[in-house]
2 protein chains.
Amino acid sequence: MGLDDISQKPHDRLAAWLTDDMAAVNALIRERMASEHAPRIPEVTAHLIEAGGKRLRPMLTLAAARLFGHAGDHHVRLAATVEFIHTATLLHDDVVDESERRRGRPTANLLWDNKSSVLVGDYLLARAFQMMTETGSIRVLRILSDASATISEGEVLQLTAAQDLRTDEDVYLKVIRGKTAALFAAAAEVGAVVAAAPEPQVEAMRRYGDALGIAFQMVDDLLDYGSTAAVIGKNTGDDFRERKLTLPVIKAVARADAAERAFWVRVIEKGDQREGDLEEARALMVRHGALEATRTAALHWAETARAALAEAPDHALRGMLDDLAGYVVARIS
Amino acid sequence: MGLDDISQKPHDRLAAWLTDDMAAVNALIRERMASEHAPRIPEVTAHLIEAGGKRLRPMLTLAAARLFGHAGDHHVRLAATVEFIHTATLLHDDVVDESERRRGRPTANLLWDNKSSVLVGDYLLARAFQMMTETGSIRVLRILSDASATISEGEVLQLTAAQDLRTDEDVYLKVIRGKTAALFAAAAEVGAVVAAAPEPQVEAMRRYGDALGIAFQMVDDLLDYGSTAAVIGKNTGDDFRERKLTLPVIKAVARADAAERAFWVRVIEKGDQREGDLEEARALMVRHGALEATRTAALHWAETARAALAEAPDHALRGMLDDLAGYVVARIS
């Protein structure tokens with residue numbers, strides 16, 4: 001392994017190791033997103049899938065399966081399944097959030113319409129479950145239908161918790177388990193299941209995915225307030241404008257005095273946001289150590305993910321998954 | 001059996017025969033629509049489910065299972081599953097169609113918002129697949145995930161076919177198989193499967209559900225132009241205003257001369273509808289026998305449904321399912 005290889009990002013090294021598997025996943029995705037009768041379906045799907053997400057979730061499935069010596073091709077089906085569920089979620093999310101951009105492109109709901117996004121998302125979910133039945137494993141179906149329920153439950157919870165200052169850290173954890181960690185956890189778990197890994201290892205891979213997803217989302221939520229660095233960057237403030245109760249806000253609200261609380265009520269609950277409010281919010285977070293505490297929590301979850309890997313066999317992929325957990329929090333370390 | 005009993009509608013007789021089973025289905029639905037963390041979910045679901053649809057689809061599952069002597073309780077799970085899939089479809093449909101009323105009440109998208117309808121629909125779909133895994137039958141999962149894919153494919157097809165005068169009877173059949181017949185067929189089929197009916201009977205129940213669903217939808221589409229009776233009633237014209245290419249329109253367009261074609265282009269493709277256009281559309285349909293031909297097609301499909309039952313065992317439920325096929329077309333006979 002040369003210096004170039006060492007300096008590669010963990011995500012790229014995983015992708016390189018899984019090149020053939022990922023090619024098979026991409027071919028299967030293209031095959032299954034087709035619709036003989038409704039060309040709108042592959043159009044919408046391709047718009048999103050070919051915009052090139054990181055394919056992190058299907059890679060978790062492939063890596064977990066290979067880590068435990070899987071030799072068949074069910075892991076390819078499951079990886080495609082996981083990507084379909086993720087894509088369906090994005091399509092529906094963009095309708096729910098009325099988003100206009102995703103992966104650097106206009107969203108499908110903007111290019112076509114909300115109707116197409118809702119129905120194509122439904123189609124992809126159905127196709128995902130069809131593919132799962134091809135593995136013949138009821139257990140895999142249970143894991144991924146549980147994940148799907150957790151995802152939508154988390155989204156509904158986020159909807160009702162948004163703008164509500166009573167939202168606490170427990171609710172926050174449920175929301176981000178739904179929006180992110182549930183599918184990470186299921187993706188890693190089904191990879192281990194399809195490879196017939198022993199139960200303790202299956203459970204360990206699930207814990208790895210869960211903790212990785214939580215760390216991933218906490219980093220995202222922290223960076224939306226510009227991390228702990230002094231200056232707020234360009235891509236910050238979206239959560240603030242959408243009045244989302246993310247961890248930095250929850251922590252700052254928990255420590256607010258009466259005047260500060262009035263500020264949070266105005267900007268989050270009432271949505272009356274003025275020039276300079278984002279900077280004021282950030283100053284309150286710094287004053288109460290809310291950003292630093294969020295950073296510590298994210299690092300803790302990344303460590304939890306790495307610790308879960310202790311159960312996994314000694315394998316090049318284990319090292320890459322370990323590095324991936326470190327990489328997820330690298331932007332805030 | 002007294003005169004009162006004979007004069008009951010087939011649907012009510014089915015419901016009476018299946019009282020205990022339906023009570024179990026309703027209890028299971030209430031149990032599974034709960035969400036510990038997101039009370040919005042049961043609120044939205046209850047609004048729709050307790051408005052009291054006819055529960056036709058779950059009854060098909062129960063009836064098919066009992067017809068073939070099923071004694072366990074998997075048929076109850078499957079019936080609840082089918083109702084969840086149906087409810088999820090209604091929630092998403094109302095978003096897609098921007099509907100304001102359903103089952104005599106304001107729609108969920110109006111009472112809450114589109115977001116809730118999309119996400120609660122997703123939740124119910126996930127819960128449906130969870131329940132299916134409890135039966136331990138991959139086959140049942142395959143049948144219902146196939147049906148889900150056909151439903152959303154049919155909806156997308158309807159979306160792209162609407163307002164397009166090139167839509168022909170083949171496309172129409174695919175659309176209504178998606179919107180209605182696919183779930184009727186799957187509901188009847190999984191009932192037979194869970195009762196371990198022999199293959200030819202499983203196939204026969206599928207054909208029964210498919211034909212029943214097609215007849216059901218054709219009657220609906222015909223009545224939207226006031227049936228073949230002379231006068232257009234109150235509840236007509238919705239499809240015309242939404243510029244849907246239903247069978248009566250397709251048949252009238254196929255037989256249109258140049259002037260008539262210009263009319264259809266204006267009202268359907270361009271959506272330029274004026275006072276008296278609905279009456280003119282109906283007059284053209286009568287002139288070309290389009291309403292009569294639609295009626296004949298619906299009666300044919302009802303007969304196809306009845307014929308499929310010839311394979312079923314001699315049983316009181318077989319008679320009720322036979323009567324149900326007659327009842328579906330009774331309004332146009």
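The centres of domain 1 of chain A and domain 2 of chain A, taken over C-alpha atoms, lie 23 Å apart. Domain 1 covers 10-136 and domain 2 covers 139-313 + 320-333, with bounds that come from an automatic or database domain assignment. This is a predicted model, in which local features need pLDDT of at least 70 and side-chain atom pairs count only at pLDDT 80 or more, while totals for chains, interfaces and linings use all residues. Residues are numbered from 1 along each chain as its sequence is written, chains are lettered from A in the order in which they are written, and side-chain values use heavy atoms, with hydrogens and water left out.

Pro10(A), Leu60(A) and Phe68(A) supply 24% of the area that domain 1 of chain A buries against domain 2 of chain A, more than any other three residues. The table sets this pair beside the pair of chains; buried area is the accessible area (1.4 Å probe) that two parts lose on being put together, summed over both, and a salt bridge is a side-chain nitrogen of Lys or Arg within 4 Å of a carboxyl oxygen of Asp or Glu.

| Pair | Buried area | On carbon and sulfur | Salt bridges |
|---|---|---|---|
| Domain 1 and domain 2 of chain A | about 2700 Å² | 82% | 1 salt bridge |
| Chain A and chain B | about 3600 Å² | 76% | 0 salt bridges |

Between the chains, 41 residues of chain A are in contact with 41 residues of chain B. Chain A can be laid on chain B by a turn of 180° and a shift of 0.0 Å along the axis, with an RMSD of 0.0 Å, after least-squares superposition on the C-alpha atoms of residues with pLDDT of at least 70 in both. This is the relation of a two-fold axis. Of the residues of chain A, Ile138(A) comes closest to the rotation axis, at 3.3 Å (C-alpha). The copies meet through the same surface, because 100% of the interface residues of chain A are also interface residues in chain B.

At least three of its residues come from each of domain 1 and domain 2 of chain A. Not counting residues up to four places away in sequence, Tyr208(A) touches residues including Leu60(A), Ala305(A) and Leu321(A).

Conventions
Contact = heavy atoms within 4.5 Å.
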